[in-house]
Amino acid sequence: MRKNRLRIVIAIIVIFLIGSFFVEKKEGVKQKLPTLGVLQFVSHPALDQIYKGIQAGLEENGYIDGKNITIAFQNGQADQSKLTTMSQQLVQEKKADVLIGIATPAAQALANTTTTIPIVLGAITDPVSAGLVKNDKEPGGNITGVSDKSPVDAQFELANKLLPKSKTVGILYASSEENSKYQVDEAKKVAQQKGLSVKTFAVPSSNEIAQTVQVMTSEVDFIYIPTDNTIANAMQTVVNEANKSKTPIIPSVDTMVQQGGIATVGINQYELGVQTGKMAADILAGKSKPETTPIYTFKTGDTIINQKQADKLGITIPNDVLSEAKIIE
């Protein structure tokens with residue numbers, strides 16, 4: 001009888017220990033967090049601001065890195081082979097649930113790697129001509145996102161107000177960027193409509209920028225720069241060379257005004273990133289699908305003036321422009 005009781009007690013203890021082991025093991029297992037893969041083309045102030053905005057947009061929608069989501073960030077540093085390798089890593093090794101491509105080359109690298117994982121575009125001027133979507137209203141595939149298309153007409157209207165005596169504009173861009181070629185064509189049409197003569201200057205790489213700007217400044221009254229990553233990455237070089245002849249620069253991006261452009265009407269790059277982050281959050285939450293989510297395009301932009309640069313070049317900003325502008329001292 002005592003042996004039977006002892007056996008029962010031992011059996012109960014064993015069952016209890018085994019149950020406790022499995023409970024502890026289950027509690028110790030960490031659930032895999034959803035992964036957001038971010039591929040940025042290169043480091044420069046505009047794209048860096050977009051990435052900060054993406055993080056803020058995610059947080060606004062409840063996604064915090066390390067808490068309930070894992071953000072796998074990669075920067076290609078303008079190297080196409082790195083972009084390809086990093087895209088494969090995000091898809092195959094990181095097993096990202098949603099991908100974000102910051103700038104056209106990064107987005108194209110991701111699109112070439114997967115046709116099933118949702119991709120959100122950050123700062124792609126014309127997704128259709130870049131071969132990323134069928135059309136802006138109904139992308140139709142695994143890609144949607146935010147366009148950074150600039151209000152070109154407003155930019156040249158501003159240039160006319162600030163530089164009324166100008167007759168010739170030089171457009172500086174990188175020939176390697178398909179995104180820029182589209183913008184140059186549009187800028188030429190708008191500039192000519194505003195009564196300006198246009199000269200275009202394409203550079204194959206950043207190594208030729210300084211020399212090209214030196215040539216430009218002897219042939220044009222001011223320089224216009226589209227949203228071009230190669231030029232943005234070398235903006236300080238452009239400013240240094242242009243300042244030698246006091247040639248004004250009208251860029252397309254707010255951060256390029258901060259670096260020495262005189263003014264622009266542009267999209268706030270941080271806010272562009274916030275919108276990108278929100279779109280990614282909606283896809284992660286299952287609230288939307290890329291194929292039926294229209295490309296988001298900003299309807300208006302901010303007028304931004306670099307007052308210090310204007311003073312340096314001896315340019316007087318009209319009061320009606322100052323009253324509506326954001327002034328960078």
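T276 sits in helix 11, which spans residues 269-284. The model described here is predicted. T276 is buried, with a relative accessible area of 0%. The side chain of T276 reaches back to the backbone oxygen of L272, at 2.9 Å. Setting aside residues up to four places away in sequence, T276 touches I54, I100, V120, L121, G122 and V146.

### The two domains

The protein chain is split into two domains. Domain 1 covers 35-148 + 269-297, and domain 2 covers 152-266 + 302-327. Their C-alpha centres lie 28 Å apart. Where they meet, 16 residues of domain 1 are in contact with 12 residues of domain 2. The area buried between the two domains is about 1,100 Å². Carbon and sulfur atoms give 56% of that area. On the domain 1 side, H44, T125 and Q269 stand out: they supply 37% of the area that domain 1 buries against domain 2, more than any other three residues.

What kinds of polar link cross this interface? Five residue pairs are in polar contact across the interface of domain 1 and domain 2. The count of salt bridges between the two domains is zero. Helix 2, residues 45-60, gives the most to the side of domain 1 that touches domain 2, with four residues. That side is made up of seven nonpolar, seven polar and two charged residues.

### Two buried strand residues

N75 belongs to strand 2, residues 70-75. N75 has a relative accessible area of 14%, so it counts as buried. Its side chain makes a polar contact of 2.7 Å with the side chain of S43. The N75 side chain also reaches the backbone nitrogen of Q77, at 2.9 Å. Beyond four places in sequence, N75 touches Q40, F41, V42, S43 and M86.

V203 lies in strand 7, residues 197-203. Is V203 buried or exposed? At 0% relative accessibility, V203 counts as buried. Leaving out residues up to four places away in sequence, V203 touches L172, Y173, A174, S175, E208, I209, T212 and I231. P164 is 39 residues from V203 in sequence, and their C-alpha atoms are 28 Å apart.

### Salt bridges

How many salt bridges does a search of the whole structure find? The search finds six. Three of them are listed here.

| Pair | N to O distance |
|---|---|
| E157 and K194 | 2.8 Å |
| E219 and K199 | 3.5 Å |
| E241 and K244 | 3.3 Å |

The E157 and K194 side chains meet in a salt bridge. This pair links distant parts of the chain, 37 residues apart: E157 is in helix 5, residues 152-162, and K194 is in the loop between helix 6 and strand 7. E157 is partly exposed at 35% relative accessibility. K194 is partly exposed too, at 23%.

E219 forms a salt bridge with K199. This pair also links distant parts of the chain, 20 residues apart: E219 is in the loop between helix 7 and strand 8, K199 in strand 7. E219 is partly exposed, with a relative accessible area of 35%. K199 is partly exposed, with a relative accessible area of 35%.

E241 and K244 are three residues apart in helix 9, residues 235-244, so about one helical turn separates them. E241 counts as buried at 12% relative accessibility. K244 counts as exposed at 64%. Elsewhere, salt bridges that share partners join D153, E157 and K194 into one network.

How values were computed:
Residues numbered from 1 in each chain as written. Predicted model: local features only at pLDDT ≥ 70, side-chain atom pairs only at ≥ 80, totals over all residues. Heavy atoms only, no water. Domains from an automatic or database assignment. Contact = heavy atoms within 4.5 Å. Buried area = accessible area lost by both parts, 1.4 Å probe. Salt bridge = Lys/Arg side-chain N within 4 Å of Asp/Glu carboxyl O. Polar contact = N/O pair within 3.5 Å; in protein donor to acceptor, adjacent residues only side chain to side chain. Nonpolar A, V, L, I, M, F, W, Y, C, P; charged D, E, K, R; others polar. Buried < 20%, exposed > 50% of the residue type's maximum accessible area, 1.4 Å probe, protein only.
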